[in-house]
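I opened my notebook to keep track of what I looked up, one entry at a time.

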Amino acid sequence: METILLVVVIAVALGFDFVNGFHDAANSIATVVATRVLTPGLAVVWAAAFNFIAFLVFGTKVAATIATGVVDPSVLSIAVVFAGLAGAIFWNVLTAYLGLPSSSSHALVGGIAGAAVAKAGFSVLITSGLATIGVFIVYSPLIGLALAMVLIVGVSWIVHRIRRPQSVNRTFRGLQLMSAAAFSLGHGSNDAQKTMGVILALLIAANKVSADAAVPLWVVLSCHAAIALGTLFGGWRIVRTMGTKLTRLQPMGGVCAESAAASMLFFASANGIPVSSTHTITGGIVGVGSAQRMSAVRWGVARRVVWAWVLTIPGAALVAALAYWIVAAF
């Protein structure tokens, strides 16, 4: 019976990864669709391919952080992981329906933390790990914003003497394929690893692997496949918010926003820091818009996005705690 439950919860974890790809597809393709470099259909295929191959480039440091750096591994069980995933999936579906680009990463962290607290109290939380995640909730969009502003100002200074704007647009339309690919690679490297970490923690709790085991290859491949399939289904409400409502993007701005966000994700993945690709690309888009003029950013939309960020961890944690109490009752 325990093996059947283990398989079911692993399937739910992969379902979360699929929803993550669906929910966060906007992060990978919003700018490339908004600038009309690719059609929505071609854009999701492009993003899905690079989400999948990310495992060839980066290790699994982020997975290790999720498995052992959020809550005491000894408190994890099939019920705790299931409830945590339920809280994260519910929050993702709710915000996707509302068209808000919230963080799947922080929904997962909040879900696991909420379920663990419901089982054993606040003492099971690993404050150092949560503090690092909390710091990068602030840092990742700010770094994305700052890098994007520097890039757009520098690039604008380089091309401002060119008298043929059509040639500039044509060049940056080609470059945006590369920047969108880089961002998708960063998204796959960081986000897919979070689900790997959850499955690894589950396997350790079920005594299927040792406590110091590396992430099994089948877990790596299945997580990347799930997030790539989710990306193929897109998330068009969020694409509209990210690509057209925050600010109007031209190909040059799209390249700068995606390049800034990809750089941040590469740094975080290499150092085992779980960050939000949503927060990072939003910061990049706002940075590009702000560099043009402050009024180019629709700050009312940006405020709604920030509120979704603030509420994600406690919202997912509350739903996960309720889910754990329901599961425990049965």
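**Entry: a loop residue.** I looked up Asn207 and found it in the loop between helix 7 (165-205) and helix 8. For helices I used DSSP runs of H or I with at least four residues, and for strands runs of E with at least two, numbered from the N terminus. Asn207 has a positive phi of about 60°, although it is not a glycine. Most residues other than glycine have a negative phi. I also noted that Asn207 counts as exposed because its relative accessible area is 69%. My cut-offs were under 20% relative accessible area for buried, over 50% for exposed and partly exposed in between, with a 1.4 Å probe and protein chains only.

**Entry: what I am working with.** This is a predicted model, where local features need pLDDT of at least 70 and side-chain atom pairs count only at pLDDT 80 or more, while totals for chains, interfaces and linings use all residues. Residues are numbered from 1 along each chain as its sequence is written, and side-chain values use heavy atoms, with hydrogens and water left out.

**Entry: the whole protein.** I found 12 helices and zero strands. Of the 330 residues, 56% count as buried. I then looked at contacts, meaning heavy atoms within 4.5 Å. Among those with a separation of 6 or more, 88% come from residues 24 or more positions apart.

**Entry: a serine in helix 8.** Is Ser222 buried or exposed? Ser222 counts as buried, because its relative accessibility is 18%. I located Ser222 in helix 8 (residues 217-233). A polar atom of its side chain lies 3.1 Å from the backbone oxygen of Val219.

**Entry: helix 4 with helix 5.** Helix 4 (residues 78-98) packs on helix 5 (residues 104-120) at an angle of about 140°, with the axes 7 Å apart. I took axes as lines fitted to C-alpha atoms, for helices over the stretch in contact, with angles from 0 to 180 degrees between N-to-C directions. That angle makes helix 4 oblique to helix 5. Under 35 degrees counts as roughly parallel, over 145 as roughly antiparallel, 65 to 115 as roughly perpendicular, and the rest as oblique. Among the residues that meet are Trp91 and Asn92 in helix 4 and Ile112 and Lys119 in helix 5. The residues of this contact divide into 11 nonpolar, four polar and one charged. Here Ala, Val, Leu, Ile, Met, Phe, Trp, Tyr, Cys and Pro count as nonpolar, Asp, Glu, Lys and Arg as charged, and the others, Gly among them, as polar.

**Entry: helix 6 with helix 10.** The axes of helix 6 (residues 127-159) and helix 10 (residues 251-270) come within 8 Å and cross at roughly 140°. Helix 6 is therefore oblique to helix 10. The contact includes Phe136 and Leu147 of helix 6, and Cys256 and Phe267 of helix 10. By class I noted 14 nonpolar, six polar and no charged residues.

Entry: How many residues apart in sequence are Ala64 and Gly197? They are 133 residues apart in sequence and 5.8 Å apart in space, C-alpha to C-alpha. Ala64 sits in helix 3 (residues 61-68) and, at 35% relative accessibility, counts as partly exposed. I looked up Gly174 too, which is found in helix 7 and is partly exposed at 36%. Gly174 and Val255 are 81 residues apart in sequence, with their C-alpha atoms 9.5 Å apart.

Methods. A polar contact is a pair of N or O atoms within 3.5 Å; within protein, one must be able to donate a hydrogen and the other to accept it, and residues adjacent in sequence count only if both atoms are side-chain atoms.
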